[in-house]
Amino acid sequence: MVPKETDEDFLFLAEDEPEPAQEHTLGEWQLLIVDDDEEIHTVTKLALSDLTVLGKQLKFHHAYSGKEAIAFLTRHPDVALVLLDVVMESDDAGLKVVKQIRDELGMDEIRIVLRTGQPGYAPEESVIKEYDINDYKTKTELTRSKLVTSIISSLRSYQQIRTINQNRLGLQKIINAGANLLEQHSLHEFSEGVVTQISSLIGLHAEGVLCAQIEDDGSASETIYVLGAAGNYAPYIKCQLDRLGNPRIVQQITNCLRTHEHIFTDQETVLYLGNEIHSAAVYIETNRPIENFDRQLIEVFLSNISIGYENVTLFQQLKHAAYIDPLTKTPNRNEFIQILQDTRRYEAEHNVAVLIDIDHFSDVNDGLGQDVGNELLIAVTFRLIEKFGIYAQLGRIGADVFGLVGPDTELTPERLQAVFDEPFKASEHSLQISATFGFCHLTDTAEQGLTILKHVYIALNKAKKHLGQNFQYYQAEMEDEMAERLALLRMLRQDFAHDKLQLWYQPQVSLTTKQVVGMEALLRWPQPNGQFISPAVFIPLAEYSGLIVEIGSWVMEQACLQIKQLQKQGYTGLRIAVNVSMPQFRSHGFVQSVIDCVTTQQIDPQLLELEITESVVMDEPKIVIDALQKLKSFGIKVAIDDFGIGFSSLNYLQQLPLDRIKVDRAFIRDIDKPAGEVIAETIINLGKRLNLATIAEGVETQAQEQAIVAMGCDEVQGFMYARPMPPAELLTFLQQQKAAG
């Protein structure tokens, strides 16, 4: 559990920060604080009471449950920002409020900042993206400075969205005063209307017409895009003009845009629309000359709608900031979702959506600086456009995630991998990077763009966990698996909160005296039907979600309490080994929490042994070694578990402050085979040379025991001696052994 003082002090952690400049206030920002802790309301209001954002001060409103929050927002739709606690009347009360705000109340402008005092209850990334959550912070990391930064960023975002929506309404009023065509407020809808109306004016069907505009895509040359189209060309809306595969159309539209003049031929009519700043070309396949009367009619029509075109173009520029990534000048996540939806609607067959995640991109930012990181992203953008720009549409979905949608014959794992075979130039650096890919055939997914993106993310996350290959195609069962994992995680959180987890103990025996010398603490998760969920299933889930930090603290506390209880029963020299995972080492204050636990229970630190695996050491060697050395100096014992399973680094083994090496059960199981015998004997001999005790786990037969005794092993653990047992059974087992001995 998060200590009480964390909630009280999270806004006042020591941090150097300038005083905010005083501004002349013009109005107020309506801010709703939703939290079941009265003190959070008080310290939040105190921390932000003097804050002025864009000339306005904050007006605070308060709700103490999700139900109160929804009721308040229903009555006050002018709230700009909600500071929302995740865990209130239920574990996911805050997330339910977010869903109601977006789906039921339809409030898409309001900004939402999630806060939680329990890191294990962090929402999945897909939840944050799906419901447009502006920010997410744990209360332990949310200093006043970071809170103020989040508030300012959120309110600026709110104002920008409001401005866009207000401009949209204003433009709509102007457009409604004109003909039916000018009712459109989207540049693409306007363009489609232009080509349809012109076709109607000259007595043609809307087959084979389009409208294009030169846009600056950030490269040296300008690119022509299809803004609106009808008939056979409808699937190419928002695509580069080159994708039409018709050189004549490309040439005629290019000439029209460069000369600012209409083009009339026997085959087509190309009309110029706009001015020096905003220009477009309308291409119509007439297959016959246009009569003079029709030409005059078209010119009058174009004159009448030119102002409307300029208006919607200006409106499009306002939207540009909301839908175009400023760094790469490609569609951002919001726009890419719309592209996915449009492609799914018009040409789902043989098209695929792809997400490209650059591996370890944060290392570039941390090691070489953000400027180099930005240049790398631009270099990746240009290479993707160079390779796939004619066939596919590109967007930047996240900090280091790109999206592509296009033909599945072009967007293949092999062709995408080839993009990353050569290094990228970023500043003076030549960087060799790799990437992971998630694929989803558009025929295998839903019609909504957001759902398509969700399915591609599922495939991407699956690929990240796959050691054999760096790509994965979406399959429907993947979503079912994810739903099962989320349900299992939710159940684990609930059961842990209600003290339903248990700590069992498996005795460890001296091969010399045949007496119990210690035990390993093993976590158990019982179910109502009397069965147990395997630790191999729920431990990785707890580590992934961050819940393992809280569970690990509880295990450490229970183990120390058990040592204390055994001492009271007269078993004063028995140690208990506790497994420690990497997230615990990364957790702030882990070392001190272990020391405090030992000190509070007043037990001999030598009776507590921490077990780590090789994979933990190899993940973050410096963090692990530094932490263990501090714990070792306090007197706590250290053992390395599953030794020999990973690819051990003897260099790190020398640096680790070890007391004991455990021979993995895999080698004990195969000890009757030449390879298994050699490895087990090598590990035991290595332990002797390093003056470390050795313990073999998984011993189940007399033959296995005789083999490890002959090798000189010190201790043993396995079903042959005792199975894992709850505390009461452990005490009975020890009493029986004492009576027999």
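This is a predicted model: local features need pLDDT of at least 70, side-chain atom pairs count only at pLDDT 80 or more; totals for chains, interfaces and linings use all residues.
Local features were taken only where pLDDT is at least 70 and side-chain atom pairs only at pLDDT 80 or more, while totals for chains, interfaces and linings use all residues. Residues are numbered from 1 along each chain as its sequence is written, and side-chain values use heavy atoms, with hydrogens and water left out.

Helices (DSSP runs of H or I, at least four residues) and strands (runs of E, at least two) are numbered from the N terminus. An open sheet of 6 strands has mixed pairing and the order β2-β3-β1-β4-β5-β6; two strands pair if DSSP finds at least two bridges between them. Val34 stands opposite Leu84 in β4.

Helix α3 lies across β1, β3 (56-63) and β4, and runs at about 155° to β1. Helix α4 also packs on the sheet, where it touches β4 and β5 (111-116), and its direction makes about 170° with that of β5. Angles run from 0 to 180 degrees between N-to-C directions, and axes are lines fitted to C-alpha atoms, for helices over the stretch in contact. Contact means heavy atoms within 4.5 Å.

Two packed helices are described by the angle between their axes and the distance between the axes. For α3 (residues 66-75) and α4 (residues 93-104), the angle is about 20° and the axes are 9 Å apart. The two helices are therefore roughly parallel, a term for angles under 35 degrees. Gly66, Ala69, Ile70 and Leu73 of α3 meet Val97, Gln100 and Ile101 of α4. Of these contact residues, 5 are nonpolar, 2 are polar and none is charged. Ala, Val, Leu, Ile, Met, Phe, Trp, Tyr, Cys and Pro count as nonpolar, Asp, Glu, Lys and Arg as charged, and the others, Gly among them, as polar.

A further open sheet is formed by 5 strands in the order β13-β14-β12-β17-β18, with mixed pairing. Its edges are β13 (393-398) and β18 (471-473), each with a single partner strand, so one side of each has no neighbour in the sheet. Neighbouring strands of this sheet are turned by 20° against each other on average, direction ignored. β13 pairs with strand β14 (residues 401-407) in the antiparallel sense over 5 bridges, and Leu394 stands opposite Leu404 in β14. Helix α14 (residues 449-465) lies across β12 (351-358), β13, β14, β17 (435-441) and β18, at about 140° to β17.

Terms used: Angles under 35 degrees count as roughly parallel, over 145 as roughly antiparallel, 65 to 115 as roughly perpendicular and the rest as oblique.
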